[in-house]
There are 2 protein chains.
Amino acid sequence: MSSDRLIEEFNAGKPAALARVVSIVENHRDGFEQILGSLHPRTGRARRVGLTGPPGAGKSTITSLLVKSFRDQGLKVGVIAVDPTSPFTGGALLGDRVRMESVALDPGVFIRSMATRGSLGGLAAATREVADVLDAFGFDRLVIETVGVGQSELDVARTADSTVLVLVPESGDSIQTLKAGVMEVADIFIVNKADRPGADRLRNDVELMLGLRKGVSFGNVPAHHGIDLKRLNPARLAREAAASTNPTQWTPPVLSAIATKGEGITDIVAAIDRHFAYLEQSGTLRSRRRERMRERVMDVVGQKVSDRLWKDPHTKAWLEEQLPSVEEGTATPFAVADQLLRQSGELVRGEERT
Amino acid sequence: MSSDRLIEEFNAGKPAALARVVSIVENHRDGFEQILGSLHPRTGRARRVGLTGPPGAGKSTITSLLVKSFRDQGLKVGVIAVDPTSPFTGGALLGDRVRMESVALDPGVFIRSMATRGSLGGLAAATREVADVLDAFGFDRLVIETVGVGQSELDVARTADSTVLVLVPESGDSIQTLKAGVMEVADIFIVNKADRPGADRLRNDVELMLGLRKGVSFGNVPAHHGIDLKRLNPARLAREAAASTNPTQWTPPVLSAIATKGEGITDIVAAIDRHFAYLEQSGTLRSRRRERMRERVMDVVGQKVSDRLWKDPHTKAWLEEQLPSVEEGTATPFAVADQLLRQSGELVRGEERT
């Protein structure tokens, strides 16, 4: 099928065309740029929700419930399940997907699992591109689910408009690894499995880290929880306190849920709606999407540079010839990189501008 | 202090010069390339061990014991503790470091905590550079410890010669997230806290995933463990079986340990030594280090390109001007990226070569 014809069928809402376009875009097959370019004007309508958290936190169950709730409102939903730790699609994710079968037969729902690309690709970039495809196809809500709380997962979650972080009492250790960086990136926190021991303490800890609890002596925090109290800076506490009276500020709520029983989902959906309203009213949606677009273009630039450089056999071969002298210590990686950039055309005319 | 004088003191083994050089290199301060370039011929002597695993697996305890064991052999040891989840140095890592105080007062030991850089930097690249500094200073062993099992952590661990993955019975869920990618990157597996319930099963699961267990019916694997049996491909099983009789092949051992009691450390040190002997005898050390060097140069090239492009105010400003039309859909990220690369000098003269 020609690219034009594929786009035509895509625009006509044909599911087979959607699946095909997603595959082309996800794998950067020939013509993906043209396709993404032609879809681009139709993007920007879907609300994108990122869902992240440690393994076993119940993200898939919550995703299923969110999908169901959105469907009940008559909205079409796309789900992108991303697993940055696996070079393949499979294993745990497939297991998780089984639980989603109940929604998978609904034509108003599209589910796609994505695994990591090579280090030269970029999972966050690929996720964003597939999300753009679903957005252009007409899905009203996109749920981007990613496993884990590391940098790669964060980058993926940050491609969304609203980021939801799911925690569970037994992931006690993981609060140690959350730290301020992750706390600051999430718009909504969920303490799932809220009927288990430790749920109150987890909730308390998260609220403390967010500065939501006022008048609480910091001495009360159990030291072994690994929370660095110096991070609870006064400016932040003041800002958060002001938020409750200022409709253009957002205070991340900490919600309790027992997803396996469906408890707390109404609150989560309401919080997502409230967050989106805040994003629109405060102008944050606009600035956040502009920031994402800036990152997007910068990603594309980086990808193009690396494609042009490393897919060129002369550059590759030349680099290979230099490696022995780098190993022997007669050349340095920096000198080789400089020469490569100079002779391979040359980048940014870096020399002339500095 | 001039750069030359700093290098002179560094070469004379002054600890203050070491700390200063590490800071300059870690933060890419002015002159870091010259410094790394001048140290470069002195690198390549240290054996680099990467240690990774989920939070709470006991990595820091094992690191401390490794350091002690290396010191008992009269070897100087550098430790780089990397935390990709945190934008700051602190919290959990600081807590961990307290446990290492016993070794921290020894001048034959140097410990450095590193946190994540911005997404344009690269934690793996920075780790490698700091490791090069410690190598050049004369440390015989480098232990690179990183928290987590995601892609960023893997990239960090892969900068080492030998990669050790630490697991614990309670990280049952994490075996779901390990998958083939991580299993293939580790040279040595440790089941720590081996006296806890589930240790045997974890060990069994890991050995199955590695194909170490022959004649075991796959039907015996508990399905809920999320192991995809299709990954246990016959070629791999055959290769692993051959390994036991071929000294130039490596079969990753699965070792048990109770690090808090010091149990199993002798075996771990022996396995690391055996692995290094294998790396040298099989020629793998040479090919692996060449592969790392290739990645290193490619990283430097990417970093230089992005520095030259995005530190240039004209390029930045021009991009800013384009963003509205990208948002409105009259321009695409790809077209903007193409134009940016064309007009910003450069790049790879991509047009002429394709």
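Colleague: Is A:Lys193 buried, partly exposed or exposed?

Modeller: This is a predicted model, in which local features need pLDDT of at least 70, side-chain atom pairs count only at pLDDT 80 or more, and totals for chains, interfaces and linings use all residues. Residues are numbered from 1 along each chain as its sequence is written, while chains are lettered from A and ligands numbered from 1 in the order in which they are written. A residue is buried if 20 or more other C-beta atoms, placed from the backbone, lie within 10 Å of its own, exposed if 12 or fewer, and partly exposed in between. Because A:Lys193 has 23 C-beta neighbours inside 10 Å, A:Lys193 counts as buried.

Colleague: Where does A:Lys193 lie, and what is its phi?

Modeller: Helices (H or I, at least four residues) and strands (E, at least two) are DSSP runs, numbered from the N terminus. A:Lys193 lies in the loop between strand S6 (188-191) and helix H10 (199-210) of chain A. Most residues other than glycine have a negative phi. A:Lys193 is not a glycine, yet its phi is positive, at about 55°.

Colleague: Is B:His28 buried, partly exposed or exposed?

Modeller: B:His28 is found in the loop between helix H2 (15-26) and helix H3 (32-39) of chain B. B:His28 is a residue other than glycine with a positive phi, near 50°. Because B:His28 has 17 C-beta neighbours inside 10 Å, its class is partly exposed.

Colleague: How do H2(A) and H3(A) pack, and at what angle?

Modeller: Two packed helices are described by the angle between their axes and the distance between the axes. Axes are lines fitted to C-alpha atoms, for helices over the stretch in contact, and angles run from 0 to 180 degrees between N-to-C directions. Helix H2 (residues 15-26) and helix H3 (residues 32-39) of chain A have axes 9 Å apart, at an angle of about 120°. Angles under 35 degrees count as roughly parallel, over 145 as roughly antiparallel, 65 to 115 as roughly perpendicular and the rest as oblique, which means that H2(A) is oblique to H3(A).

Colleague: Which residues of H3(A) meet H2(A)?

Modeller: Two residues are in contact if their C-beta atoms, placed from the backbone, lie within 7 Å. The residues on the H2(A) side are A:Val21, A:Ile24 and A:Val25, and those that they meet in H3(A) are A:Phe32, A:Ile35 and A:Leu36.

Colleague: How do the residues of the contact between H15(A) and H13(B) divide?

Modeller: The axes of helix H15 (residues 333-343) of chain A and helix H13 (residues 284-310) of chain B cross at roughly 60° and come within 9 Å, so the two helices are oblique to each other. From H15(A), A:Pro333, A:Phe334, A:Val336, A:Ala337, A:Leu340 and A:Leu341 meet B:Arg296, B:Val297, B:Val300, B:Val301 and B:Lys304 of H13(B). Ala, Val, Leu, Ile, Met, Phe, Trp, Tyr, Cys and Pro count as nonpolar, Asp, Glu, Lys and Arg as charged, and the others, Gly among them, as polar. The division is 9 nonpolar, no polar and 2 charged.

Colleague: With which residues is A:Phe189 in contact, leaving aside neighbours within four places in sequence?

Modeller: A:Phe189 belongs to strand S6 of chain A. It is buried because 26 other C-beta atoms lie within 10 Å. Leaving aside neighbours within four places in sequence, the contacts of A:Phe189 are A:Leu165, A:Leu167, A:Val206, A:Pro252, A:Val254 and A:Leu255.

Colleague: What separates the C-alpha atoms of A:Val77 and A:Phe139?

Modeller: A:Val77 is in strand S2 (residues 77-83) of chain A, and it is buried, with 26 other C-beta atoms within 10 Å. Leaving aside neighbours within four places in sequence, its contacts include A:Val67, A:Phe70 and A:Phe139. A:Val77 and A:Phe139 are 62 residues apart along the chain, and their C-alpha atoms are separated by 5.3 Å.

Colleague: Which residues touch the most other members of the largest nonpolar core?

Modeller: A nonpolar core is a set of buried Ala, Val, Leu, Ile, Met, Phe, Trp, Tyr and Cys residues joined through C-beta atoms within 7 Å. The largest such core has 156 residues, and those touching the most other members are A:Ile144, A:Leu167, A:Ile190, B:Ile144, B:Leu167 and B:Ile190.
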